[in-house]
Amino acid sequence: MIKIERIVSLILFILVFIVYIISAPRTISFWDSSEFITSSYNLQATHPPGSPFYTMLCSIILQFFPATKAAFISNIISGFFGALTVTFLFKITYFITTKIQPGLSVFETKYLPFFTGIVAALTLAFSNSFWVAATEAEVYTLSFALMTVMIYIMLKWESASHKKTEIKLILLFALILGIASSVHLITISIVIPLSLLFTHKKYGLSIKNILLSLIIGCVLFFSIYLFPIQGIIKTSAFLDVWLVNTFNATVNTGVIITILLLVLIFSITLWYTYKKQKNILHYSILTLLFFLIGFSSYIMPLQRASANTLIANGVSTSNRMLQYIKGDQFGIGEIPLLKGYTYNAPLDQKNPFADGKPTLTFDSNKKKYITVDNGEYKYVNYDKEFSMFFPRLFKPKDESKYKLWTTIKGEPIDYSVDGKVVKIQKPTYTENFSFFLNYQVSWVNLRYLFWNFIGKQNNNHGIGFVTNGNWVSGINSIDKKRVGDYNITPERFRNDKSRNTYYFIPFILGLFGLLALLKHKHYLLTTVFIFLAFGLGITLYINPIPSSILVRDRDYIFIGSFVIFSLWVGLSIIFIYNALQFVSSSKTRLIVISIIVFVGSPLQLIAKGWNDHQRSYDTFAYDFAKAYLDSCPEQAILITNGDNMTFPIWYLQEVEKYRTDVRVLNFDQMNLDTHIEKLKYKINASNPIAISLEKDFYINGVDKLIPLQKETNKAAVLPVLFEFLKDSTTRINWNGKLKHYIPSTKFSIPIDTIKIKSKGLQAEALNAQYTSKIEWEYAKDFYGLNDIVLLNMINNNIHSRPICFAINGKTGHYLGLQDYFIQNGLVEELAPIQRKNPLANRKIVNTKKMYPFLMEDVQFKGLNEDTKFITYENRAYAQDILRRNYYFLAQALLEEGKTKQAIDILDKSFSVFPNKTIAYKQYAYALGKLYFRAGLPKKGSKICVLAINNLWEELAWTTSFNPPNAIINVKHAEQLKIMFLQMINQFPGDKEIIKLNTQRFKNFEPNYIEWQKTNWPY
């Protein structure tokens, strides 16, 4: 039996792994995938809180392959561990089945565990979220492989009868838990539900024991996180500060001393407990030691901190390691869990600021730890009247985002502000809990569960619209209450390849499988609490807000719960088999039920998911990143922001060594001193970047917000401003602290036009003239450290290096400099020139360079093939970013009288991004209008009408019923309506089309107004 089980396990592994290899992209994808590949290839620390074991493992494997294969091999590594997870789920299901279904015939005893195990394993393998995770370079499949191994170990431990076997399994569990924690820290939470198996074996599962077990499991979870992990790092940090500052020791001596102390302590205690035969204490200490051995890969970020690469996080000291592992960079420590303040809480009148602990940072110049913040007035202190238990509505200045997801009117509280009594509407507990249910539970957690086991509308980024990212079943009578009638849904949404409907079948089977465990309390409770810990538990812990977690859909964080639900799907065979005992032939009954369940779940999942999970041809992220680099002149500085606009570019430079002369600066990361310091050094072929800021201005731990204290309407000349910021006597008292400030909202950079001309910039060729200064308005209440760093960098490099800004649909990294941009390809180059004629289009496009670039050089393969699945990010970037570039080039060509070239560009844009794959919207409409200017009204009319109809169909769909998330959908419908009317008003073609659409809207408007009133709660 054991031999057959292993053979089936191996066959499952091979088959699933082959499917993942076939499905996997051959190159990079968007989001963290590119960062992980780059970090693994160069053995660097990833973003906080890191995953060093994953990085080290991948780095070893990648040494055997050329750089050009690094991305594909990294994707395959995810597939390998995905297949391993599937295999261990088979083993878990097989094991549980043998324990809960005794007394069967020989045939049933032999084959039932295989049927349940195979169905459970393949259901997980081809569930949407897991399939995607298993084909991209990410930590999750390794994390879940280790999770399933730990569950299997504990099941074997629970059934073990020999003490030595129990001890070996516990030690193995501790080692793997340590390794898993150095892949993804959240995996530690597995100890909470698995504590039930321990309690069941040792004490039994009474209600009292269940509650105590869960409480002890929670205590164990926080104890592991706070003491063996954070506690050891805190100890080494304390020792390091003391040794370095007192005895002039080398930095990180405290780390070495801590490791030696740990070795000494464990050696003595293990020897003593063994000699004195204190077995429980001995094995407890040994278990902790095995955990720390597994966790020891976190030494790697310290060892690799000095590596001179673009992507590395500078975890150079144990002090920084503590901040790294706590995720301070992302403000994780500021998220309230049990008690906190509401989003509109005012500052306490008597004590608006509270003191905190001093912040120490190692200064590499002084070779000492210095105090960069003495802790005075460190934290804002809100009025206690605005605190609440279980705070979900906590993020300051996010009131409008919260109100999108639930009606918040609040309860009025009179509060004195600057001597005047004002009413502040504090959210009620009911409103707080309503947001929790509507958004955090229903949208963030359950929606993703339903995606995988009921059906998915599409893979569009779901932010609450009825059109994007909802779960659907395929049963119209049920779905139409939530996403509208299927018959009204526009064709492009109905035919979306990522629309996969399962008619509730896998979901119902999962519930049946849960019922199969009712008589087996320990398995029932263990699986239920694993499901809750990696589903609702994660939701409670991260306390998500709309503006953070929905930058993208993060269904992958809940895969741990999907593993358990897949197990239940497999166990549904047992429930149905027992429920149909009236069928006389048990052999026939088992075979027929197993086939039906197999067809209803894993076979349905793979059949419907095949077309939208085949991404072997997807090269868009690679092509996109390459286009940015190819747009830049030699030795350019390219300023980007956001993961998707930076990580793929860094991959090309750091792994494939492509265009390493371009220095890519991520605007978001210019708040980090390690990234600022890197500007001063040569990296690959990119020369050092000149900056004049002193290190104490940006060293880790200093306040990163510089307030505006406007003192003049004149422009602040940047060289003078930076001298002003160096002067400690120019600081002002700001909330109890002396702070630097910005005295004006206008800025100016003096320009030496002779130096600019010597770089080869010809203003006349662009119908422009040189300016003696760059002067602009950039008003903010607070300027971030990244603002100041980039202003300094621009000031010091404007005469020596090209400075470019990535065109990515965002403008935060532009610093308000748009009036001095020249568009070339996918970047805007900063230059001290402006149009001669004030009536001319201020937008300057280098048509001479950009025309051949877009016509011949840039390749975006596959975006015009409707037989292939195109991911949401690919479609969104093509629609909102790439079409914009074609538009501005065609417009500039027309202004220059180059009509034929303009038509070529227009034709090219619609050839590469046709409506059948990239739906026509605003920029497609604008491009269509250019056809009229080029003398081709028929072509223009066709494009514009398609764009108008696309908007109309979406508007009609959204307003055809009273949708859930009413506030979001009313706002969305209003945007669609405004765009629709603008297009009609601007349409330059046949007046009959204008008349037809105007009348169409007039007929629609009364119902629309009524629909708005019905669905708007404020």
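Accessible areas come from the Shrake-Rupley method with a 1.4 Å probe, and for residues only the protein chains shown count as cover. By this method the protein chain exposes about 43000 Å², of which carbon and sulfur atoms supply 60%. The model is predicted: local features need pLDDT of at least 70, side-chain atom pairs count only at pLDDT 80 or more, and totals for chains, interfaces and linings use all residues. Residues are numbered from 1 along each chain as its sequence is written, and side-chain values use heavy atoms, with hydrogens and water left out.

The protein chain contains 38 helices and 25 strands; these are DSSP runs numbered from the N terminus, with helices (H or I) of at least four residues and strands (E) of at least two. Its radius of gyration is 31 Å, close to the 31 Å that the globule rule gives for 1018 residues, so the chain is as compact as a globular protein of that length. Here the radius is taken over C-alpha atoms, and the rule is 2.2 Å times the number of residues to the power 0.38. Along the principal axes, the C-alpha atoms fill a box of roughly 90 × 80 × 65 Å.

Of the 1018 residues, 57% count as buried, where buried means under 20% relative accessible area, exposed over 50% and partly exposed in between (1.4 Å probe, protein chains only). Contact means heavy atoms within 4.5 Å. Among contacts between residues at least 6 apart in sequence, 75% join residues at least 24 apart. The chain carries 106 positive and 74 negative side chains, and the centres of the two sets lie 6 Å apart. Lys and Arg count as positive and Asp and Glu as negative, while His and the chain ends are not counted; the place of a charge is NZ of Lys, CZ of Arg, CG of Asp or CD of Glu.

The aromatic side chains come next. The structure holds 72 aromatic pairs. Rings of Phe, Tyr and Trp (its six-membered ring) pair if their centres lie within 6.5 Å; planes under 30 degrees apart count as stacked, over 60 as edge-to-face and the rest as tilted. F724 and Y741 form an edge-to-face pair, 5.3 Å centre to centre with 90° between the planes. This pair links distant parts of the chain, 17 residues apart: F724 belongs to helix α29 (residues 718-726), and Y741 to the loop between β16 (737-739) and β17 (746-750). Y741 is buried, at 5% relative accessibility.

F1001 and F1004 form a tilted pair, with 5.9 Å centre to centre and 50° between the planes. Being three residues apart in helix α38 (residues 991-1015), they are separated by about one helical turn. F1001 is buried at 7% relative accessible area, and F1004 is buried at 14%. Elsewhere, ring pairs link F450, F453, W471, F504, F507, F531, F562, F565 and W568 into a cluster.

Several loops also deserve attention. In the loop between α2 (32-42) and α3 (52-62) lies P49, which a cis peptide bond joins to P48, with omega about 0°. L43 is placed in the loop between α2 and α3; it has a positive phi of about 55° although it is not a glycine, and it is partly exposed at 26% relative accessibility. K657, in the loop between α26 (647-654) and β12 (663-666), is a residue other than glycine with a positive phi near 55°.
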